[in-house]
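Subject: Structure handover

Hello,

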Amino acid sequence: MKETLQKFFKIDRRWIFLLLAVTLFVPIVKPIGLPNKSISQATTRVYENIEKLPAGSFLLLSLDYDPSTRPELHPMAMALVRHAFSRNLRVGVVTYIAGSTGLIEELFAKVGKEYNKKDGTDYVILPYQPNILAVMTQMSSDMYGIYSKDRNGTPIAGMPVLKGVKSYKDMSLVVCVTGTAILDYWVAYVGDKYSVPVAGGVTAISQPGYGPYLQTNQLKGLIGGMKGAAEYESLIKQPGKGTSGIDALNLAHLLVLVLILTSNIILLFVKYF
Amino acid sequence: MALDTSIIAGGWLAAGLTIFLFSFLYKDNPFFKIAEHLYLGAGMGWLFQVSVTSVWIPKIWEPVSKGELLVIIPSVMGLLLLTQFIPKISWLSRYGFTFMMGYGSGLAIPAGLSTDFMSQIEGTIRPFSKLASMTPFSILSSLIVAAGTICVLFYFFFSVEHKGHLKKVSNVGIYFLMIYFGAAFGNTVMARFSLLYGRFDDLFTFSGASYFYATQAILAAMVIYFVIHWLVSGRKPASEEEAA
């Protein structure tokens, strides 16, 4: 009996890979519709901070993610833009990751059309800039000193979307969506230094590390991973890729739990019986 | 709706490269190598064009063309960093590094002290100044945060031998650290599954008729390759081949 059970520990790990692949793939082919009932306080805080802004307020989005983190961050960026457009906020987009430019274009082409929002009037996408700290510092006094044109080369001075916006003090909220440490820079070099409200959207890996900033209110809210994206989609009542991913995530987590429990029970059995 | 040819080609490329890279989970193979080398090459090419189009042209070439000659100074300092590769004049790179160190430290030290040190100490202590207005749960939460901070700090205090009460406190600190590591690991697993889900979701999209069944075709081709390889290589299981 023990010998038979011990074979479990020598199982070819590729069977586990296959099992995991099937577990994740099945809900994509045939969605189960498992509910996403718990909405974290951190995500709700981001939602409430946007919800309380009066129409016409300027929201700065720093979308700093590339295709490597797209499944987690693109749905939350999409939900944030949908929320901002539904509240008739003016949206400015900056990025410090060159690989994000294509994703930003894709996002605004889709969501802009959904809400009939116009480039230059309702939103502006500024070009990628290297040397993030220099850009952040410059934007505190005069953003036109660093951004004179949008990503298509159109001069931004005089654009309706930027009317009355010159520096951070004219912005109601900054939300950074990133899989890098760029959110830390927004907190340290902009939020704390110039008293600008900063919120964030990060990958699940980075999420626990931002707990201290949430506790001290240095971060006004935080959306974490695909779960966070699903939560935000629930809050704005527009299910998207985050919500559809919950089926797969729930099943995959269940599989991991079953594997951990099974192996521990077998281990205890082999050791003590 | 019929898709544009370039979109279909993009779908085949994306599905192919994804399956090629995942095929390594079964065993190493030439298709994985192709995808790996292509990724490295494309990545380098992408970085080069970003440097040229987003840094070199707008930050150096255009200002100099307009007569703004001051940008030459930081450009030269940047170029001096490359002298590291020439031992005889490598000392010149120090000027560039000196500037970077001074500029970086000047920005980072005050911000770091304020954001990660002072604000965090304040955030740990402040709740105790308004205990009367707090709910019992908030008080408990604040106590746990303060106790956790103190215990973990004791764990990292190495100038005194950890024995007696100090050992007990630092042991509690270990538990707080373990809870953090557990949460971080759980979140890492969730993040990896999310990324895998993203690739599978794309593979499912490319498996449709509008993409001419790219996923199925490439997957079938990979299976055929592995079967032929298995037959030709004397029917050794993959695990044995790897061990050999």
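First, a term. A residue is buried if 20 or more other C-beta atoms lie within 10 Å of its own, exposed if 12 or fewer, and partly exposed in between; the C-beta atoms are placed from the backbone. By that count, 43% of the 273 residues in chain A are buried. In chain B, buried residues make up 11% of the 244 residues.

Next, the ground rules. This is a predicted model: local features need pLDDT of at least 70, side-chain atom pairs count only at pLDDT 80 or more, and totals for chains, interfaces and linings use all residues. Residues are numbered from 1 along each chain as its sequence is written, while chains are lettered from A and ligands numbered from 1 in the order in which they are written.

The two chains

Helices (H or I, at least four residues) and strands (E, at least two) are DSSP runs, numbered from the N terminus. Chain A has 10 helices and 6 strands. Chain B has 8 helices and 0 strands. Its pattern along the sequence is α-α-α-α-α-α-α-α.

Now the dimensions. The C-alpha trace of chain A spans about 80 × 35 × 30 Å along its principal axes. For chain B, the C-alpha atoms fill a box of roughly 70 × 60 × 50 Å, again along the principal axes. The radius of gyration is taken over C-alpha atoms, and the globule rule is 2.2 Å times the number of residues to the power 0.38. Chain B has a radius of gyration of 29 Å, but a compact globule of 244 residues would have one near 18 Å.

Contacts come next. Two residues are in contact if their C-beta atoms, placed from the backbone, lie within 7 Å.

Where the chains meet

36 residues of chain A are in contact with 32 residues of chain B. On the chain A side, the elements that give two or more residues are helix H2 (13-29), helix H4 (70-86), helix H7 (182-194), helix H8 (211-215), H9 and H10. H2(A) gives the most, with 6 residues. For residue classes, Ala, Val, Leu, Ile, Met, Phe, Trp, Tyr, Cys and Pro count as nonpolar, Asp, Glu, Lys and Arg as charged, and the others, Gly among them, as polar. The side of chain A that touches chain B has 22 nonpolar, 7 polar and 7 charged residues.

One helix pair here is H2(A) with helix H6 (residues 165-206) of chain B. Axes are lines fitted to C-alpha atoms, for helices over the stretch in contact, and angles run from 0 to 180 degrees between N-to-C directions. Angles under 35 degrees count as roughly parallel, over 145 as roughly antiparallel, 65 to 115 as roughly perpendicular and the rest as oblique. The axes of H2(A) and H6(B) come within 10 Å and cross at roughly 50°. That makes the two helices oblique. In H2(A), A:Leu24, A:Phe25, A:Ile28 and A:Val29 meet residues of H6(B), including B:Phe193 and B:Tyr197. This contact has 9 nonpolar, no polar and 1 charged residues.

Inside chain A

Helix H9 (residues 225-235) and helix H10 (residues 241-272) of chain A have axes that come within 8 Å and cross at roughly 135°. These two are therefore oblique to each other. Their contact has 5 nonpolar, 4 polar and 2 charged residues.

A:Gly242 sits in H10(A). Is A:Gly242 buried or exposed? A:Gly242 counts as buried, because it has 28 C-beta neighbours inside 10 Å. Residues that A:Gly242 touches include A:Pro75, A:Met76 and A:Ala229. A:Gly242 and A:Glu72 are 170 residues apart in sequence, yet 7.5 Å apart in space, C-alpha to C-alpha.

Two loop residues

Most residues other than glycine have a negative phi. A:Asn217 has a positive phi, near 70°. A:Asn217 lies in the loop between H8 and strand S6 (222-224) of chain A. A:Asn217 is partly exposed, with 14 C-beta neighbours inside 10 Å. A:Lys237 also has a positive phi, near 60°. A:Lys237 lies in the loop between H9 and H10 of chain A. A:Lys237 is exposed, with 7 other C-beta atoms within 10 Å.

Best wishes

Definitions and conventions:
Lists of a residue's contacts leave out its neighbours within four places in sequence.
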